Amino acid sequence: MTISPITPPVGLLIGEDWRTSATGGSRPHVNAANGLAQADVLMAGAAEIDEAASAARAAFPTWRRWHPTERRRVLQRLVGLMERHRDDFVALSAQECGIPVQIGDAIVQMGIDWADSAATWADKLAGEVVSSPADVFDYALAEPYGVVGIILTWNGPAASMGISVMPALAAGCCVVVKPSELAPFSALLFARLAREAGVPAGVVNVVTGDGSAGAALVSHPEIDKISFTGGVTTARAISAACARRLTPLLLELGGKSANIVFDDADRKKALKSALGIIVLSGQGCIVPSRLLVQDTIYDEFVESVTAALRHVRVGDPFDPKVTMGPVITEAACERILGFVDRAHESGSGKLLIGGERLLGELRDGYYLPPTVFGDVDNGSELAQEEIFGPVLAVLRFADEEQAVDMANDTPYGLAGFVHTRDLSRAVRVAAALDVGNVGVNGGGAMGGPEAPFGGVKQSGYGREGGKGALLEFLRMKNVMVDLE
Ligand code: NAD
């Protein structure tokens, strides 16, 4: 079936009201594929954040007391509506952040699967009976935190609904979601579907806006927990703001994932994994952006990677043959090319392919080709910084010890990948990597919705996925009853 652009939803959902204006005015949303404005996104100010937090607070006493089975049912109805609107989410993902429709379906499906998994937990959460003397009855209750502020990035907006928002709802919390100003449409569609499914007014609030709306949310006194997905710099500002009220935080941040290819690797699988640099135009938190290749196979393996990347079809996300769309903004395009220029100037790597903006018929959009630097110095900016674009840094290593040292020598700790036919080595290296998620021999670094996902070091803390995702939004209350 052909996917075509649709009219992007705009507005704010606060309680039961759809607002059509905001104190921060509005801002045009620019389509990265052609540089054209396609909608006016409302910019919530402190007033709307306050109203949304109050609406969520007012809804919480009822929502938390809903029978858990009813909560599961209504959330599963919401999942059903997400399925029914799958093509709309695929279209909106192409429009808001340039995800090609060819891969958009899989990304939207991921959001649906994660949402479904979280929803089914809603009536399976329990406290525990604590062992105690015969004259005492001690039990611990798992209670929802209350009102959760959820601040999101832009690179997988439909998936974020399942990964970050649904677990909080299933745990019995009410949410104020602030999607990225760069990709606000999927969250607004989700909000509409939540109301259609029968989620009570005030349980889901969506306020579009920029960083100032996010900052107002973080410091709002009605917010009991913040879940943040985004960059390290913003995470520091949010952590500092949360420190004032000791608001607990879940942080899902960036990465610079190493993809280690030993000389006994299954080359086909290792190649497929290396091509992961083009997924979301390299704008994915777990993309394998550092390729570490054993020196005995370095030349031939790197040749196979560059040969395959030369054939990647870059272009309009709505073209079903396209596998890589634009990067998110003009500024992102320039920022990424800045890394390329500085690498040239410093000689910290050898440019093998790409490196220049794609013009011609793509000149109006923000298109970059897959770009590969070989023999990159692991201490360089190219190897250390998250570029968040289709730029692959390739490095050589001699042996296992050096590979692990190089892989861990970065401030990030989100994901890592290992390719070897030696199972003992695979297990050893997976254990030695200082990251939250490892993919071995083609396994994804992000598991299914039942697996924990999150980072260590500067990639954040807290976990999404599985039961742990729900536990992030529950706190234990111990009750001790003297039976004498
Ligand atoms: P960003 O930090 O610039 O923005 C993220 C969100 O924070 C946006 O909604 C923005 O409006 C808001 N914000 C900005 N300033 C704020 C402030 N002072 N207080 C509160 N909110 C504020 O990041 P980005 O460019 O949207 O995202 C890119 C980053 O996200 C990359 O580092 C990427 O790796 C990371 N990411 C992580 C995951 C994960 O699950 N670990 C997933 C996707 C992306």
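Student: Why is Asn437 called buried?

Tutor: This is a predicted model, and the values are computed from it. Buried means under 20% relative accessible area. Asn437 has 4% relative accessibility, so it counts as buried.

Student: Where is Asn437, and what is in contact with it beyond its neighbours within four places in sequence?

Tutor: Asn437 is in strand β18, residues 437–440. Leaving aside those neighbours, its contacts are Leu414, Ala415, Gly416, Ala445, Pro452, Phe453 and Gly454.

Student: What makes the pair Asn437 and Gly454 a polar contact?

Tutor: The cut-off for such a pair of N or O atoms is 3.5 Å. A polar side-chain atom of Asn437 lies 2.7 Å from the backbone oxygen of Gly454.

Student: What is the phi of Asn441?

Tutor: Phi of Asn441 is near 50°, a positive value in a residue other than glycine. Most residues other than glycine have a negative phi.

Student: Which class does Leu246 belong to, buried or exposed?

Tutor: Exposed means over 50%. Leu246 has a relative accessible area of 71%, so it is exposed. Leu246 sits in the loop between α8 and β11 (249–252). Its phi is also positive, about 55°, although Leu246 is not a glycine.

Student: How do you know that Phe339 counts as buried?

Tutor: Its relative accessibility is 6%. The limit is 20%, so Phe339 is buried. Phe339 belongs to helix α11, residues 330–346.

Student: What is Phe339 in contact with, leaving aside its neighbours within four places in sequence?

Tutor: Contact means heavy atoms within 4.5 Å. The partners of Phe339 are Glu381, Leu382, Glu385, Glu386 and Ile387. Take Glu381: it is 42 residues from Phe339 along the chain, and their C-alpha atoms are separated by 7.7 Å.

Student: Why is His85 called buried?

Tutor: Its relative accessible area is 15%. That is under 20%, so His85 is buried. His85 lies in the loop between α2 (68–84) and α3 (86–97). Not counting residues up to four places away in sequence, it touches Leu189, Arg192 and Leu193.

Student: Which residues of α10 are buried, and what puts them on the same side?

Tutor: They are Tyr298, Phe301, Val302, Val305, Thr306 and Leu309. They cover an arc of only 130° around the axis, so they share one side of α10. These residues pack against β12, α9, β13, β14, β15 and β16. The face turned away carries the exposed Asp299 and Arg310.

Student: Which polar atoms lie within 3.5 Å of the ligand's oxygen atoms?

Tutor: Among them are a polar backbone atom of Leu152 at 2.7 Å, a polar side-chain atom of Lys178 at 2.8 Å and a polar backbone atom of Gly230 at 3.2 Å. Taken alone the ligand exposes 860 Å², and the protein buries 83% of that.

Student: Which element gives the most to the shell around the ligand?

Tutor: That is α7, with 3 residues.

Terms used: Residues are numbered from 1 along each chain as its sequence is written. This is a predicted model: local features need pLDDT of at least 70, side-chain atom pairs count only at pLDDT 80 or more; totals for chains, interfaces and linings use all residues. Side-chain values use heavy atoms; hydrogens and water are left out. Buried means under 20% relative accessible area, exposed over 50%, partly exposed in between (1.4 Å probe, protein chains only). Helices (H or I, at least four residues) and strands (E, at least two) are DSSP runs, numbered from the N terminus. The arc is that of the directions from the helix axis to the C-beta atoms. A polar contact is a pair of N or O atoms within 3.5 Å; within protein, one must be able to donate a hydrogen and the other to accept it, and residues adjacent in sequence count only if both atoms are side-chain atoms. Accessible areas come from the Shrake-Rupley method with a 1.4 Å probe; for residues, only the protein chains shown count as cover.
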